[in-house]
Amino acid sequence: MTHSQSRDTHAPEFRAAARHIGRRRFLTVTGAAAALAFAVNLPGTAQAAELDAKKITEDPFTLGIASGDPQPGSVLLWTRLATRPYEPDSGLPQARIQLRWELAHDPRFTRIARRGSVTAHPEFHHSVHVEVGGLDNDRPYYYRFRAGNWISPTGRTRTAPARSARISELRLAAVSCQAYHDGYFTAYKHLAEEELDAVFHLGDYLYEYAVTAVGGARNYTDRRLPAHFNRETVTLEDYRLRYGLYKSDPDLQAAHAAHPFVLTWDDHETENNYADGIPENDVPPEEFLLRRAAAYRAYWENQPLRSPQQPDGPDMRLYRRLHFGQLAQFDILDTRQYRSNQAYGDGWQTPGPDTADPSRSMTGAEQERWLLDGWQSSRARWNVVPQQVVFAQRRNLPTPVFNVSMDAWDGYTASRDRLLAGAEAAGIENLMVLTGDVHVGYGFDLKKDWNDPASRTVGTELVATSITSGKDGADKPANWDNLTQANPHLRFYNGRRGYLTITLGEQQARTDFKTVTAVTTPGAPLTTAASFVTEAGDPGLKPV
């Protein structure tokens, strides 16, 4: 449904703040972000009563546990208490609840490394983010939470190596696009069994679209989902409930328990194809502002993110940098919150002056400077850029007249050119872009001149297919011939669901594109559709 059809049920304090904002911009701490600062209902503004955790009579760990953003000597642990995750209050009163957490060297918790307590505040929907420091570098740890007599599942996480450390190997996975209503999270069940150091989630963790009583394409016969899922998410309560639905999935929980996640969002965590403060539909800016603030707040509450990522009203600093020894630097981008509006009305269009306009940006000026500065100071063997939308040129037809996606980097070519020029100026030899969004697996060589197949390859782009979005898919989608012929730098294309794994080493990086045969029925097996290597100092994908 469109915004004009949505329910007018935003929290009163959010709506009061919006009236003071009008149509002003809100990219900085002034304008909307400042006006909404009081409305985020932070703990301590009105101290809630405390509930004795021993009085909780139902399992409060129905949403599992998670860890994220590994750093040297430090891990981030997450959980959210919810005895009844499909209810607006998650089955808990508006009261503070004390939790205990434990971090151990072994899964039986016989060798405790750290332990402590943390308060789950009702203002944050009883979510907690625990940053544990003082740990050994580059080590696995096991963790769990306790609430009264209840003990959470056990999770496994690990710290990053010291930035100066020389490490021989790093094992990663990349995932994206998990529409609950399009199928089962079978790929996550397989992912949980992989041996990995970290999982990078490249966006569309949640979809705003309605989920029917039978779970859409899951077509449940053993349960009925509540009617409040069968509508688009607009308000904070809507988004919170939808995370309750997604995070109650056992396969997703298993993947989070098995590996630390590094997350960034795309559009559907808020609204399809929004750009900065511009919504998909024609609604007043303050209405979209309220929705964005609600979506960002719920995202923070439900993800294993560190304190610098806590939102301020409708603003949230999600771009950030992680280091894994001297082997890899990860510059995690946000190509949604600061971008210029899509050119020519969005969709697939013929490129023109607007797509090449240097005043238009995919990242915003501040994030672009941050990325280029980070490359200048990088001493890593591999410089990896986890982000959202297809970076490489991608024409739809092998003809003189063609269209490209206005939502992808093809719609912002000057912005893309500046990044590639910045990588070259910084001497970045091993550039790797990780992408989601498009519900297919791609492998691209990044070219100095997109229109000359013989031009120098300057990096690689690995596009992770969706976990479920697009339903079952096909090995060769209908446009396979056109796309492969129109883009000689496209080295791999597959339309099944799944994920990709990457093993970074000193001499090469290996990528395995892994797929499942179906997601509309549970239990599909995992296969490796293709494998490639990229040699250090000689970018480009070579089949294994």
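Me: Which residue caps the N-terminal end of H5?

Reply: Asp249 does: one of its side-chain oxygens lies 2.9 Å from the backbone nitrogen of Asp251. A polar contact is a pair of N or O atoms within 3.5 Å; within protein, one must be able to donate a hydrogen and the other to accept it, and residues adjacent in sequence count only if both atoms are side-chain atoms. Helices (H or I, at least four residues) and strands (E, at least two) are DSSP runs numbered from the N terminus. The model is predicted, so local features need pLDDT of at least 70 and side-chain atom pairs count only at pLDDT 80 or more, while totals for chains, interfaces and linings use all residues. Residues are numbered from 1 along each chain as its sequence is written, and side-chain values use heavy atoms, with hydrogens and water left out.

Me: How many residues of H5 are buried?

Reply: Buried means under 20% relative accessible area, exposed over 50%, and partly exposed in between (1.4 Å probe, protein chains only). In H5 (residues 250-258), seven of the nine residues are buried, among them Leu252 and His256. Their cover includes strand E2 (65-71), strand E7 (140-147) and helix H4 (236-247); contact means heavy atoms within 4.5 Å.

Me: How do the axes of H7 and H8 cross?

Reply: Two packed helices are described by the angle and the distance between their axes. Axes are lines fitted to C-alpha atoms, for helices over the stretch in contact, and angles run from 0 to 180 degrees between N-to-C directions. The axes of H7 (residues 365-377) and H8 (residues 413-425) come within 8 Å and cross at roughly 20°. That makes H7 roughly parallel to H8 (under 35 degrees; over 145 is roughly antiparallel, 65 to 115 roughly perpendicular, the rest oblique). Residues of H7 including Leu371 and Trp375 meet residues of H8 including Arg418 and Leu419.

Me: Is Asp445 buried or exposed?

Reply: Asp445, in strand E19 (residues 441-447), is buried, with a relative accessible area of 7%. A polar atom of the Asp445 side chain lies 2.9 Å from the backbone nitrogen of Leu541. Beyond its neighbours within four places in sequence, Asp445 also has contacts that include Trp450, His489 and Arg491.

Me: What is the phi of Asp69, and what is that of Ser90?

Reply: Most residues other than glycine have a negative phi. Asp69, in strand E2, has a positive phi near 45°. Ser90, in the loop between strand E3 (74-80) and strand E4 (95-104), has a positive phi of about 55°. Asp69 counts as buried at 2% relative accessibility, and Ser90 counts as buried at 1%.
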